[in-house]
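Subject: Structure for you to look at

Hello,

Here is the structure I said I would pass on. Please open it next to this message and follow along.

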Amino acid sequence: MQTLYALLVAPFVEYAFMQKALFGSLLLSAGACPVGVFLMLRRMSLSGDAMAHAILPGAAAGFLFYGLEILPMTVGGLIAGIVVALGAGAVSRFTVQREDASMAAFYLISLALGVLLVSVRGSSVDLMHVLFGTVLALNNEALGLIGAIAAVTLASLFVFWRALVAECLDPLFLRSVSRLGSPVHFIFLGLVVINLVGGFQALGTLLSVGLMILPAAAARFWTARVETMCVAAVAIGFASCVAGLLLSYHAALPSGPAIILSAGAVYLVSVLAGTRGALRARLVTHRHRTA
Amino acid sequence: MDQACLTFRDLTLGYGSHPAVHHLDGVVRRGSLTAVVGANGSGKSTLMKGIVGALKPMAGTVTKADGVRIAYLPQQSELDRSFPARVVDLVSLGLWPRRGLLGRHTAQDRAAVAEALAAVGLEGFETRALDTLSGGQLQRTLFARVLVQDAGLILLDEPFNAVDAKTVGDLIALIKRWHGEERTVMVVAHDLDLVRHNFPETLLLARQRVAWGATATALGPENMARARRFHEAWEDDAPWCGPDAHHHAHDHGHAHHHHAHDADALASANGPKAA
């Protein structure tokens, strides 16, 4: 009992930085995981990764002018992400090109610009901060920002739920009964951007998409309903954050990768053992009913 | 005179600079049941898209009577069957015109959904996942959604494709029920026997209107022969259609002849197509 306490609870009770890290990453999961579910269901999982790269030049510009400060880097990342999301979304809506290609084009331009900006001034240590984040150094300002992002995300999901589902399930139908089709698509891209920006403080631009996609991808193997999939994704996200932070604390590992790898482990287990996973499909007896 | 549900005035719809529906004039009466017939590429689906507003006219107008809601079943649905949804979720989308984004689905709404599923013979399918349905079952699910939409104007684009004979019969019965409820219904169909037996009126298209009126007349031998001469392909060097080439101020009778003449001219320029 003593060892269990020391192993699982004590780090969070005894250290304020661990409490903040836990609080921040849980808030992040609450918003990012359901967004990830919709991203996955729209077959845009890799677009999430692209968007994460797209944020880089904005964050780098903030870093260039203000140093390693959270607010300017966040605002910069937000602007860059929204420009790329709107640009890619508009190209796919109004031309023959599909969103995967337009997104790739915009994020590559953005990424190159970001690397250029960081290398103009930054040392490699700074670059590491931008790329890989610092969950163990979250301050109150950052926590407030992540909390606001989670609140905006959950409120938007609640309000636009029906439109989001309709836009995924049957976009042509939504367009025939409502003018919400295009706006809801852009609102959704906006949610992706703010959650990635929220995540890059803690996990870095490269890893923030991991907390969005991995729990969602894992949840797909456990349920066949969107509602429960979102709840399951959040639960998996929470568990990954706790496990990752503990792993990071006890084994002295960097916290961002530890959290994402924990989510990755849940994903791999889900692929195999999920109620809709690979093993079940193979192992279930081949008996069948008459009708 | 009967009330108009839809009015086409010199309507031209198309892609790039090529018309798929060319200078269409006419009125779809409120409560009418019309089959839209024509060869592949004759502009049937394009006309449907123009009516719902998914395609903007290149020229002319299509006017919908005030307050008429449209339910549209496209030929090529963008439905994602792998989306984790149940039959009842898809049919409930039909409540959108009544409940919108935030309105709660009431017990009455749920009853309407259940009733619609029963009407298409899908009781017991409520919780089935969409990716477990057969093609005909999915088509009936989409008909149930049209039922729930409770629209005044119903547009069905080739709803009988890949549907078995019994299901076609069920779907025709539903269409007749809508007609009986004085809804306006337009159905794109290829099976001429089916059209002759079930649709009072027919619009025969070959890019332009070949005939529009009572089905027996519209699908008479002369009109059918004229429609068969229609040449589907676009021509990159086709002459531009402008005020000189087309007279806008004409009455219906004249328009009819004029268009028929155009179709003949087009056909003779390309040589008759093998029937």
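H8(A) and H10(A) are roughly antiparallel to each other, a label used for angles over 145 degrees, while under 35 counts as roughly parallel, 65 to 115 as roughly perpendicular and the rest as oblique. This is a predicted model, in which local features need pLDDT of at least 70, side-chain atom pairs count only at pLDDT 80 or more, and totals for chains, interfaces and linings use all residues. Residues are numbered from 1 along each chain as its sequence is written, and chains are lettered from A and ligands numbered from 1 in the order in which they are written.

Helices are DSSP runs of H or I with at least four residues, strands are runs of E with at least two, and both are numbered from the N terminus. Two packed helices are described by the angle between their axes and the distance between the axes. For H8 (residues 140-169) and H10 (residues 181-203) of chain A, the axes cross at roughly 155° and come within 9 Å. Axes here are lines fitted to C-alpha atoms, for helices over the stretch in contact, with angles from 0 to 180 degrees between N-to-C directions. The crossing of H8(A) and H10(A) is left-handed, meaning that the near helix is turned anticlockwise from the far one by less than a right angle (clockwise would be right-handed).

Which residues meet there? In H8(A) they include Ile149(A), Val152(A) and Phe160(A), and in H10(A) they include Ile187(A), Phe188(A) and Leu191(A). Contact means C-beta atoms, placed from the backbone, within 7 Å. The residues of this contact divide into 13 nonpolar, seven polar and one charged. Nonpolar covers Ala, Val, Leu, Ile, Met, Phe, Trp, Tyr, Cys and Pro; charged covers Asp, Glu, Lys and Arg; the others, Gly among them, are polar.

Next, the two chains. 19 residues of chain A are in contact with 18 residues of chain B. On the chain A side, H8, H9 (171-177) and H12 (226-251) each supply at least two residues, and H9(A) has the largest share, six residues. That side divides into 13 nonpolar, two polar and four charged residues.

Chain B is divided into domain 1 (4-68 + 152-270) and domain 2 (78-150), with bounds from an automatic or database domain assignment. Nine residues of domain 1 of chain B are in contact with nine residues of domain 2 of chain B. On the domain 1 side, H6 (residues 165-180) of chain B gives the most, with four residues.

Regards

Key. Two residues are in contact if their C-beta atoms, placed from the backbone, lie within 7 Å.
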